[in-house]
Amino acid sequence: MKTPAQINPIGYQPAGQFEETRFEKIHNVIFEDSKQGSLQVAHEIADLIRSKADKGETCVLGLATGSSPIKVYEELVRLHKEEGLSFAHVTTFNLDEYHPMEPSNIQSYHYFMHQHLFDHVDIDPANVHIPDGTVGTDHIKDHCREYEAKIAQAGGLDFQLLGIGRTGHIGFNEPGSHYNSATRDITLDHITRVDAAPAFKGLENVPRKAITMGIGTIKKAKRIVLMAWGQNKADVIKETIEGEISPEVPATYLQEHGNTTFVLDRESSAHLTRIDTPWLVGDCEWTADQTHKAVVWLSIRKQKPILQLTDKDYNDSGMSDLLSTEQSSYEINIKTFNRLQHTITGWPGGKPEADDTNRPERADPARKRVIIFSPHPDDDVISMGGTFDRLVTQGHEVHIAYQTSGNIAVADHEAIKAAEVAQSMERSDIFAQVVQDIESKTEGDFDSALVRRLKGHIRRAESIGATRYLGIPDGQVHFLDLPFYETGTIKKKPLGNEDIEIMNQLIEDIKPHQIYAAGDLADPHGTHRVCLEALFASLDQLKERPFMKDCWVWLYRGAWHEWETHEIEMAVPMSPEQVLRKRKAIFYHQTQKDGVMFQGEDLREFWVRAEDRNKDTAKKYQALGLASYAAMEAFVKYDFL
């Protein structure tokens with residue numbers, strides 16, 4: 001893994017001169033995280049604005065929406081307010097807009113751009129151009145031709161900012177888009193609508209159409225920067241940078257552009273060949289971790305248990321130089337097998353009075369204080385319900401800390417049902433008001449504070465049901481309700497000192513020997529990611545406290561992803577009976593079953609996803625030649641000291 005000092009600053013290398021590896025066809029730079037990358041992009045834009053202004057010229061920007069550019073816009077606003085960056089001579093053209101869509105709708109890109117950028121800088125409103133989501137169907141073609149004409153009249157795009165969708169779309173140019181396409185209306189791909197569903201509170205509310213700049217329009221820009229953050233984008237980034245040009249992955253057309261840079265973070269770049277399997281590219285440094293990763297990869301590729309890999313397997317797979325550093329493939333195989341074997345433990349809190357030399361956790365203290373941080377009020381049982389159960393039955397003092405209320409994930413009909421049940425027991429104006437608030441809500445409205453409060457209590461009750469089932473006293477269940485989340489909308493506030501102080505207080509009160517937390521890095525603005533950043537910030541502030549020297553942090557993954565096998569540092573097997581207990585604990589979260597609001601494209605219920613993932617982890621271990629278990633939960637240790 002590259003350190004920040006090894007990461008190149010953003011810069012352009014002309015087509016034909018960039019050759020990081022023989023696999024890559026688009027210039028790209030990798031940053032430690034999305035914040036660093038966003039700052040570099042923002043400063044490139046700011047430099048362009050200033051240089052054009054110094055020449056008395058207008059800077060024409062093509063702008064994107066979505067989660068990827070948010071931090072770029074935040075930095076541009078800061079540069080305007082604190083360093084005098086002026087947008088007085090800037091003209092902007094946005095990539096796209098949903099159709100039909102009112103500009104005042106909180107899901108519109110018109111609303112997004114004004115909220116994140118235009119309302120905070122000195123840009124002339126006459127210089128802001130966004131496709132009109134209200135234009136009548138009969139007039140869309142004329143509107144699109146006019147949009148193209150305005151871009152041409154402005155002198156073309158000096159700089160085009162892009163994100164990328166999991167379908168490989170840029171703008172809303174979905175698979176099948178022509179390389180010469182101009183601004184037009186388009187039908188959105190199902191995956192694109194699924195990804196937008198959380199913002200619209202359900203797939204059924206996502207528009208099916210949009211107006212978008214075309215591929216041809218985008219490619220005419222003098223400079224293109226595409227940003228991609230998070231593990232969800234890793235597959236499409238690899239396909240775009242290393243694959244063949246294809247209309248099925250529209251972003252691959254950028255291989256033909258002479259001045260394009262992809263700006264990536266560690267997670268989105270993880271599947272690039274030079275990052276994922278550098279031994280296929282050339283010489284690499286065979287550290288212990290790199291060797292472990294490579295041997296696991298080789299075992300999977302050859303579909304052979306690790307102990308059956310031969311010298312020929314290594315030589316045929318670009319790993320001959322690894323053999324030259326060791327005595328034989330047998331020695332490498334044994335080391336890798338033993339390392340994997342030592343990750344497996346039925347004692348996630350450590351086994352008392354046992355030799356812990358080769359165990360993931362310490363034997364002492366025999367009874368540990370444990371905090372399980374859960375971003376939402378069900379991630380604990382979905383992601384590590386079996387380990388949770390083991391920790392309790394093995395006598396540890398387990399505390400559960402729900403970082404957010406999860407209230408926006410409760411459907412309106414569930415809140416009405418709860419209000420009506422309560423009202424049937426005792427007539428109350430409060431419950432009648434809840435029903436009225438929900439029924440009077442229009443599309444795009446936020447829940448009232450009263451409705452959010454009820455929805456939060458519904459999720460609390462479900463959580464308490466699950467923790468009681470697993471044997472946790474109510475006094476060891478903590479609802480933190482971190483303020484960053486409590487906006488009542490999909491968009492959250494930035495993580496603040498108040499959030500971190502709440503985390504600090506709980507950790508200081510409990511003085512844990514173990515902390516478990518969700519290590520999801522898919523979305524830089526997602527709740528799981530922000531909750532993890534809150535923990536990291538808290539650990540950084542508390543790490544000098546004496547009690548923290550005895551604290552170990554274990555990261556689990558959420559419902560969608562699992563750690564790669566070579567990354568796993570603790571694997572907790574589950575018996576068939578424990579699988580059933582975990583399932584029952586998940587069932588206590590009734591509002592998150594049966595077509596939950598944020599289900600995504602995977603139509604399986606959360607308990608099915610969790611079971612399938614845990615069974616798959618066990619099968620992977622078995623395929624590598626280790627013992628066979630019904631299911632396994634996996635963890636990676638985080639070193640904060």
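This note goes through the overall fold, then the aromatic pairs and the charges over rings.

1. Basis. This is a predicted model, in which local features need pLDDT of at least 70 and side-chain atom pairs count only at pLDDT 80 or more, while totals for chains, interfaces and linings use all residues. Residues are numbered from 1 along each chain as its sequence is written, and side-chain values use heavy atoms, with hydrogens and water left out.

2. Overall fold. The protein has 20 helices and 17 strands (DSSP runs numbered from the N terminus: helices are H or I, at least four residues; strands are E, at least two). Its radius of gyration is 26 Å, close to the 26 Å from the globule rule for 641 residues, so the protein is as compact as a globular protein of that length. That radius is taken over C-alpha atoms, and the rule is 2.2 Å times the number of residues to the power 0.38. Along the principal axes, the C-alpha atoms fill a box of roughly 80 × 80 × 45 Å.

3. Of the 641 residues, 55% count as buried (under 20% relative accessible area; exposed is over 50%, partly exposed in between; 1.4 Å probe, protein chains only). Take contacts (heavy atoms within 4.5 Å) between residues at least 6 apart in sequence: 75% of them join residues at least 24 apart.

4. Tyr 469 and Tyr 588. The whole structure holds 14 aromatic pairs (Phe, Tyr or Trp rings, six-membered ring for Trp, with centres within 6.5 Å; planes under 30 degrees apart are stacked, over 60 edge-to-face, the rest tilted). In one of them, the ring centres of Tyr 469 and Tyr 588 are 5.6 Å apart and the planes are at 35 degrees, so this pair is tilted. Tyr 469 lies in helix 16 (residues 449-469) and Tyr 588 in the loop between helix 19 (576-587) and helix 20 (606-623), so the pair ties together parts 119 residues apart in sequence. Tyr 469 is partly exposed at 21%; Tyr 588 is partly exposed at 32%.

5. Phe 536 and Tyr 638. This aromatic pair is stacked, at 4.2 Å centre to centre and 20 degrees between the planes. Phe 536 sits in helix 18 (residues 527-542) and Tyr 638 in strand 17 (residues 631-638), 102 residues apart. Phe 536 is partly exposed at 25% relative accessibility, and Tyr 638 is partly exposed at 26%.

6. Cluster. Tyr 98, Tyr 109, Phe 172 and Phe 200 make up one aromatic cluster.

7. Charges over rings. Arg 557 has its charged end over the ring of Trp 563, 3.7 Å from the centre (criterion: NZ of Lys or CZ of Arg within 6 Å of the ring centre and within 35 degrees of the ring normal). Lys 593 lies over the face of Phe 587, 5.0 Å from the ring centre.
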